[in-house]
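The following questions and answers concern a single protein model. Please consult the sequence and the coordinates while reading.

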Amino acid sequence: MQDLYRVLITSLQHSSAQFQALTVEAITLGLWGLSSAHAALRDDIQGRELGLQERAVIKDFIYFAEWARAFEAGDTVQQLAAALCIPESAVVRYQPVSLPRKPAHLVAVDHSRKQLLLVVRGTSQLADVLADLVAHTSPLGPASGVVATGFGTPPIMTKELAESASSYTRTLVHNHDLVPRTCVASLAQLRQELELQTEAVFANNATMGWLRDSGVLAGGKALVASLCTYSAAGAIAVT
């Protein structure tokens, strides 16, 4: 439990530091500039015919998605086997409910593809969050014939581990899902982008540049800060 608290507190401290370093201009003008810079971006897969390799990857993701959602079938081996269209004897282990440090999972054999599958259900309750935070790694990889497929997985690996596992790991991220993208490193990158975009707005917009250089923005920030302090003091006095 001490490991859990240490990891959680450290992560919150690092994340908080990224937000505290942001200025009002970075949050407002930076987001404005960032949205404008990204407005022209388009998904390059739209309107393009998929190649054979891409089709195979998509088929694989669909196949594993059926296994991932099999936990919805029910709490018994019979219900699981029926949902996956496999014999009950092919189910080696089935734990449909998460326990502390033991997420819901199943182990089964797909004889049609000659594969042994370990399927871990995604984060859906508090016990899963705790397991995410205190997870430990084991040495698996291409040499052992292991292939890992994830759906919207949270970024809980170290950079070194993620790079070493990249050759046999695939993760599907749906559109703008925040879960796979939100970590201390991505927050730091976002802060840098916001600061760069803020400077770009001041450099490219004469009016905004004048407001900053003349001190109007600094005076406005000071006024807002004073009003917030006064309001907070009044609320405390009333209570």
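Q: In which loop is Cys 85 found?
A: The model is a predicted one. In it, phi of Cys 85 is near 60 degrees, which is a positive value in a residue other than glycine. As for its place in the chain, Cys 85 is found in the loop between H4 and E1.

Q: Is Cys 85 buried or exposed?
A: A residue counts as exposed when its relative accessible area is over 50%. The relative accessible area of Cys 85 is 70%, so this residue is exposed.

Q: Which loop holds Lys 114, and is this residue buried or exposed?
A: Phi of Lys 114 is near 55 degrees, a positive value in a residue other than glycine. Lys 114 lies in the loop between E2 and E3. Its relative accessibility is 78%, and Lys 114 therefore counts as exposed.

Q: Which strands stand at the edges of the open sheet?
A: The open sheet has three strands in the order E1-E2-E3, paired antiparallel. One side of each edge strand is left without a neighbour in the sheet, because each has a single partner strand; the strands at the edges are E1 and E3.

Q: At about what angle does H3 run to E3?
A: Helix H3 comprises residues 52-68, and strand E3 comprises residues 115-120. H3 lies across E2 and E3, and its angle to E3 is about 60 degrees.

Q: How many residues does the largest nonpolar core have?
A: The residues with the most contacts inside this core are Trp 67, Leu 80, Ile 86 and Leu 106. The elements that give two or more residues to the core are helices H3 and H4 and strands E1, E2 and E3. Leu 80 touches Ala 70, Ala 73, Val 91, Tyr 94 and Leu 106, not counting residues up to four places away in sequence. The size of the largest nonpolar core is 17 residues.

Q: How are H7 and H8 oriented to each other?
A: The axes of helix H7 (residues 184-204) and helix H8 (residues 206-213) come within 5 Å and cross at roughly 105 degrees. Angles of 65 to 115 degrees count as roughly perpendicular. The two helices, H7 and H8, are therefore roughly perpendicular.

Q: How many nonpolar residues does the contact of H7 with H8 have?
A: H7 contributes Glu 199, Val 201, Phe 202 and Asn 204, and H8 contributes Ala 206, Met 208, Gly 209 and Arg 212. By class, two of the residues in this contact are polar and two are charged, while the number of nonpolar residues is four.

Methods
Residues are numbered from 1 along each chain as its sequence is written. This is a predicted model: local features need pLDDT of at least 70, side-chain atom pairs count only at pLDDT 80 or more; totals for chains, interfaces and linings use all residues. Side-chain values use heavy atoms; hydrogens and water are left out. A nonpolar core is a set of buried Ala, Val, Leu, Ile, Met, Phe, Trp, Tyr and Cys residues joined through side-chain atoms within 4.5 Å. Buried means under 20% relative accessible area, exposed over 50%, partly exposed in between (1.4 Å probe, protein chains only). Helices (H or I, at least four residues) and strands (E, at least two) are DSSP runs, numbered from the N terminus. Contact means heavy atoms within 4.5 Å. Two strands pair if DSSP finds at least two bridges between them. Axes are lines fitted to C-alpha atoms, for helices over the stretch in contact, and angles run from 0 to 180 degrees between N-to-C directions. Angles under 35 degrees count as roughly parallel, over 145 as roughly antiparallel, 65 to 115 as roughly perpendicular and the rest as oblique. Ala, Val, Leu, Ile, Met, Phe, Trp, Tyr, Cys and Pro count as nonpolar, Asp, Glu, Lys and Arg as charged, and the others, Gly among them, as polar.
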